[in-house]
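Please keep the sequence and the model in view while reading.

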Amino acid sequence: GSEFILVSEAPGKDSVTEGKYWVGASGKILRSCFVNTDKNLEDIFYLTDIVKCWPNENNENRTPSESEISTCAPFLKREIEALKPKLILSFGKKSSEFLLNQEIILKSSHGRVFNYNDFTQVLVMYHPSGIDRFMKRDIYKSQLKALFKKLAQNQINGIEKVFDESSYKDSDKPNAIKST
């Protein structure tokens, strides 16, 4: 089994074309943060998605439908049961809500660990596809680098510390004083 699973909602066009997860624009962000020289992303993580096919409208990515999610969900559940990971990195609202079976507010949940079951935890994260809308890209990338470094060394304890206050855009900081 794999200690760590990396899950998102669905593969994009590039993933389907190349037959490999995380190779499009989001994948480039993710892979650029995996700077462990002797290993690649696939050596550390089992890569998967909730929906196994590419949801698209006129050849453009779209959010998977509820029926696509419910059709594919049993496969992801079986993957998790078979691998019994210590940690699932969940990228985006859809996959996090699916895994945790509860509403997730990414703004307050990014970088937080939740229990999936007795032996598996879920780390909720913003998906790289929309990162510029939510936080500074360089901060997100530095968080990912620190996270991947810890996980490559099989360190799970304290991973929430990677995501501290400095990760917020100034306007998002709790109780930030807005200048008028």
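## Terms and basis

A residue is called buried when its relative accessible area is under 20%, exposed when that area is over 50%, and partly exposed in between, with a 1.4 Å probe and protein chains only. Helices (H or I, at least four residues) and strands (E, at least two) are DSSP runs numbered from the N terminus.

The model is a predicted one, in which local features need pLDDT of at least 70 and side-chain atom pairs count only at pLDDT 80 or more, while totals for chains, interfaces and linings use all residues. Residues are numbered from 1 along each chain as its sequence is written, and side-chain values use heavy atoms, with hydrogens and water left out.

## Overall make-up

The protein chain has eight helices and seven strands, and buried residues make up 44% of its 180 residues. Its accessible surface (Shrake-Rupley method, 1.4 Å probe) comes to about 10000 Å², of which 48% belongs to carbon and sulfur atoms.

Contact here means heavy atoms within 4.5 Å. Among contacts between residues at least 6 apart in sequence, 63% join residues at least 24 apart.

## The five-stranded sheet

Five strands form an open sheet in the order S2-S1-S5-S7-S6, with mixed pairing; two strands count as paired if DSSP finds at least two bridges between them. Strand S2 (45-49) and S6 stand at the edges with a single partner strand each, so one side of each is left without a neighbour in the sheet. On average, neighbouring strands of this sheet are turned by 25° against each other, direction ignored; such angles are taken between axes, which are lines fitted to C-alpha atoms (for helices over the stretch in contact), and run from 0 to 180 degrees between N-to-C directions.

Strand S1 (residues 4-8) pairs with S2 in the parallel sense over five bridges, and with S5, also in the parallel sense, over four bridges. Phe4 has a bridge partner in each of these strands, namely Phe45 in S2 and Leu87 in S5, while Val7 stands opposite Thr48 in S2.

Helix H4 (residues 66-83) lies across S1, S2 and strand S5 (87-91), running at about 165° to S2, whereas H8 lies across S1, S2, S5 and S7 and runs at about 160° to S5.

## The nonpolar core

A nonpolar core is a set of buried Ala, Val, Leu, Ile, Met, Phe, Trp, Tyr and Cys residues joined through side-chain atoms within 4.5 Å. The largest one holds 48 residues, of which Phe45, Leu89 and Leu147 touch the most other members. Helix H8 gives the most to this core, with six residues. In soluble globular proteins, nonpolar side chains tend to be buried together.

Ser90 is found in strand S5 and counts as buried because its relative accessibility is 0%. Its side chain is joined to that of Ser95 by a polar contact (a pair of N or O atoms within 3.5 Å; within protein, one must be able to donate a hydrogen and the other to accept it, and residues adjacent in sequence count only if both atoms are side-chain atoms) of 2.8 Å, and a further polar contact of 2.8 Å joins the side chains of Ser90 and Ser96. Leaving aside neighbours within four places in sequence, Ser90 is in contact with residues including Val7, Leu99, Val122 and Val124.

Thr120 lies in the loop between strand S6 (112-115) and strand S7 (121-125), and it is likewise buried, at 0% relative accessibility. The Thr120 side chain reaches the backbone oxygen of Pro85 at 2.6 Å. Not counting residues up to four places away in sequence, Thr120 touches Lys84, Pro85, Lys86, Ile88 and Asn115.

Met135 has its place in the loop between helix H7 (131-134) and helix H8 (137-152), and is buried, with a relative accessible area of 2%. Met135 and Lys107 are 28 residues apart in sequence and 9.5 Å apart in space, C-alpha to C-alpha.
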